Amino acid sequence: MSDALKQGAMQIVRRLCEAGFEAYLVGGCVRDEQLGRPVKDYDIATSAHPDQVQRLFERTVPTGLQHGTVTVVADKKPYEVTTFRREGGYEAFRRPTEVEYIDSLTEDLQRRDFTMNAMAIDQNGRLIDPFDGMKDLERGVLRCVGQAEERFGEDALRMMRCLRFASEYGLMVEQATWDALNSGISLLRHIAMERIRAELERMLGGSDPNRAMSLLSGSGALRHAKQELLLSGLGKETEWPPFSRLTEMEHRLAFIYIRLGADPADVEEDMIKLTFSRQQRETVKRIVAAHTVLVSGLDESAEWDEEPYLRRIWIAVALNYGVSALRTLREIYLLEDVPIRTDNVKSGRAVDVWKRLGSVWLEQMPVSALGELVVGGKELMSHLRAKGGPWTGRLLHRLLEGAALGELPNDKETLLAAAREHYDKMQENDE
Ligand code: ATP
Ligand code: MG
């Protein structure tokens with residue numbers, strides 16, 4: 001697959017060269033290929049201008065004409081072909097205000113952010129590496145092209161990219177680059193939250209979230225975002241257990257918020273500031289809320305260390321926040337001995353029980369959602385000869401809890417009888 005992708009890219013390169021232009025593979029694909037990593041997409045740089053590229057290929061899409069990019073579709077696959085360019089003035093510490101087409105590959109490579117991203121491959125497969133990107137990669141070093149301070153000043157997003165590349169590729173940030181990053185970090189306030197989030201998301205979802213965390217806290221980057229973030233409290237944490245075992249980015253984020261002792265409403269607010277999607281917020285919030293409810297319920301309870309009691313609240317919380325949220329929460333608990341930032345002995349011991357038994361309890365639940373009950377709202381109403389109302393939902397939930405706990409078999413007769421009993425009690429209480 002990736003081979004066919006590369007073939008297509010090389011065909012475009014050769015076609016441009018045959019037409020008398022220069023053309024090369026550039027950027028991330030060259031870097032990843034040199035490292036033997038899978039390549040997501042092949043980008044091409046050329047001396048041909050966009051109109052010349054459009055004339056040369058049958059199927060093109062003008063995806064970024066303002067910065068010289070034409071997408072060429074070959075064998076149904078899209079390739080970005082960008083004219084060699086120099087960047088004019090930078091405005092507001094982000095993106096150049098104007099671009100100017102040029103003839104020189106080297107100069108095009110020079111505007112790129114890091115040496116490992118400033119390499120090219122020519123039509124014969126030869127590596128072109130004017131800024132010693134390979135040497136840096138071999139030493140395991142991430143280094144800016146040119147003067148780091150200048151480069152971060154031109155475009156502050158490069159600092160986030162720096163942290164992301166260092167953690168994803170396991171690189172040390174070269175000293176001068178690191179110094180420039182630290183002295184320029186407050187420029188991040190000029191970057192849209194959406195861009196910060198995109199980098200953060202890739203860092204946390206990437207190969208080494210622990211390294212990502214320590215780079216973020218070491219640089220204090222998140223403290224300088226446009227908006228104040230709960231996540232900027234990361235610096236206070238010292239020892240993080242390895243958490244790449246959590247496979248989803250959202251689960252890792254939930255772990256971080258739990259460890260920061262955040263409550264669900266603050267998590268929501270933080271994630272809105274960072275422009276995470278509604279679905280991502282929902283996933284994270286459910287896990288954090290489940291944790292909050294589980295632990296806060298213990299404080300008032302006298303029976304907190306009894307297994308049947310702990311099972312009861314575990315299952316009640318599973319019904320409210322979803323079984324999958326609880327599975328994840330248990331994985332989070334398993335990451336370390338005492339995941340909860342509290343000196344509450346109770347919760348520590350309860351968590352131990354949940355770690356040990358939580359997944360068995362979830363597996364043994366005969367039902368876990370209203371839809372699985374053999375009785376629905378309509379049937380309930382006609383059996384009780386009563387009009388629907390808020391009580392219907394409440395009653396169904398009671399039945400669900402009973403069935404989930406294994407106290408009520410999920411069959412019509414039993415459920416309807418139990419419903420009758422609850423309903424009569426509810427009537428009495430209302431009077
Ligand atoms: P990945 O796609 O894995 O994020 P990439 O290196 O391909 O890595 P892109 O954002 O796709 O990153 O950019 C392609 C190339 O464009 C980079 O390799 C780099 O040469 C250049 N580039 C991208 N963003 C910047 C930037 N902010 N400043 C300078 N050069 C950049
Ligand atoms: Mg890319």
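## The pocket

In this predicted model, ligand 1 takes up the space of the largest pocket. A pocket is found on a 1 Å grid over the protein atoms alone, as an open set of points with protein on both sides within 12 Å along at least five of seven lines. A molecule sits in a pocket if more than half of its atoms lie within 2 Å of its grid points.

## The shell around ligand 1

The ligand is surrounded by 14 residues (a heavy atom within 4 Å). The closest are R31, N117, R158, R164 and R202. By class, ten are charged (Asp, Glu, Lys or Arg), three polar and one nonpolar.

Helices here are DSSP runs of H or I with at least four residues, numbered from the N terminus. Two of them, α2 (28-34) and α7 (157-168), each supply at least two residues of the shell. The largest share, four residues, comes from α7. Domain 1 (1-132) and domain 2 (140-239) each give at least three residues; the domain bounds come from an automatic or database assignment.

## Polar contacts and cover

A polar contact with the ligand is a pair of N or O atoms within 3.5 Å. A polar side-chain atom of R158 lies 2.7 Å from a nitrogen atom of ligand 1. Oxygen atoms of ligand 1 are 3.0 Å from a side-chain N or O atom of R161 and 3.1 Å from a polar side-chain atom of R112. The protein covers 79% of the 580 Å² of accessible area that ligand 1 has on its own (Shrake-Rupley method, 1.4 Å probe).

## Notes on the model

Residues are numbered from 1 along each chain as its sequence is written, while chains are lettered from A and ligands numbered from 1 in the order in which they are written. Local features need pLDDT of at least 70 and side-chain atom pairs count only at pLDDT 80 or more, whereas totals for chains, interfaces and linings use all residues; side-chain values use heavy atoms, with hydrogens and water left out.

Methods:
A polar contact is a pair of N or O atoms within 3.5 Å; within protein, one must be able to donate a hydrogen and the other to accept it, and residues adjacent in sequence count only if both atoms are side-chain atoms. On a 1 Å grid over the protein atoms alone, a cavity is a set of points where a 1.4 Å probe fits but cannot get out, and a pocket is an open set with protein on both sides within 12 Å along at least five of seven lines; lining residues have an atom within 4 Å of a point.
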